[in-house]
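The model comes first, and the pairs follow.

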Amino acid sequence: MILIIDFGSSKVPDIENCIDEFDDFKTVHYLDFEEKLLDNAAGVILSGAPVLITEQDIAEQLEKTLWLKNTVLPVLGICFGHQIMGIHFGAFGTRIREDRDWQEIEVIKESPLFDKLPTVFEMLEDHCETISIPTDFDLIAISDVCINEAMQHKTKPLFGVQFHPETSGTFGRTVFENFFKIVNTK
């Protein structure tokens, strides 16, 4: 089962539709999350959120995701989920120009998350912030708008993407398919 932690994104139903093709899932609002839910999960997806990490207090969301530091489960953080993951590992957030359009994403380091994708592909964006690259992570994809479009932990199956694969059509579904394969190998 894939556990989807919902941080309040209107795109969570799109994530559910993508995951439903590959595995069972359970969606839980982050306020209702309890660490024991991880016992039955094969992998976790952290959703986006209508929250700005540079302007709002995110202490509650950080507290609910402390388990990220020690998990062995595969995790995919999307937008806000990507940012929360990075912050737990020492990243800091910054404002950038607003981007609510398609962007060309360029893969700069091989990753199982991007198997079967071209080196450059388009994904839909919906953000105005980014995070630095945490020390324990490799930068795996960039765009002209955002340096940290995607990152991967150096030793754990932790992945973060700033873009929204759940609303990005075929290439986005390929990202979920690849994540599901990562989940199945753990």
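## A pair across the sequence

In this predicted model, D138 and K109 form a salt bridge, with 3.7 Å between the closest N and O atoms. D138 sits in strand β9 (residues 137-142), while K109 belongs to the loop between β6 (102-107) and β7 (120-124), so the contact ties together parts that are 29 residues apart in sequence.

How accessible are the two partners? D138 is partly exposed, at a relative accessible area of 21%; it lies just inside that class because buried means under 20%. K109 is partly exposed too, with a value of 40%.

## A pair within a helix

Helix α4 (residues 169-185) holds both K181 and E177, four residues apart and thus separated by about one helical turn. Their side chains meet in a salt bridge, at 3.6 Å from N to O. K181 counts as partly exposed, with 38% relative accessibility, and E177 is also partly exposed, at 23%.

## A pair with an exposed lysine

E34 and K36 bring their side chains together in a salt bridge of 3.4 Å, N to O. Is K36 buried or exposed? At 57% relative accessibility, K36 counts as exposed, because the class begins over 50%. E34 is partly exposed, with a relative accessible area of 42%.

## The whole count

How many salt bridges does a search of the whole structure find? The search finds seven, among them the pairs D138 with K109, K181 with E177, and E34 with K36.

Methods. Residues are numbered from 1 along each chain as its sequence is written. This is a predicted model: local features need pLDDT of at least 70, side-chain atom pairs count only at pLDDT 80 or more; totals for chains, interfaces and linings use all residues. Side-chain values use heavy atoms; hydrogens and water are left out. A salt bridge is a side-chain nitrogen of Lys or Arg within 4 Å of a carboxyl oxygen of Asp or Glu. Buried means under 20% relative accessible area, exposed over 50%, partly exposed in between (1.4 Å probe, protein chains only). Helices (H or I, at least four residues) and strands (E, at least two) are DSSP runs, numbered from the N terminus.
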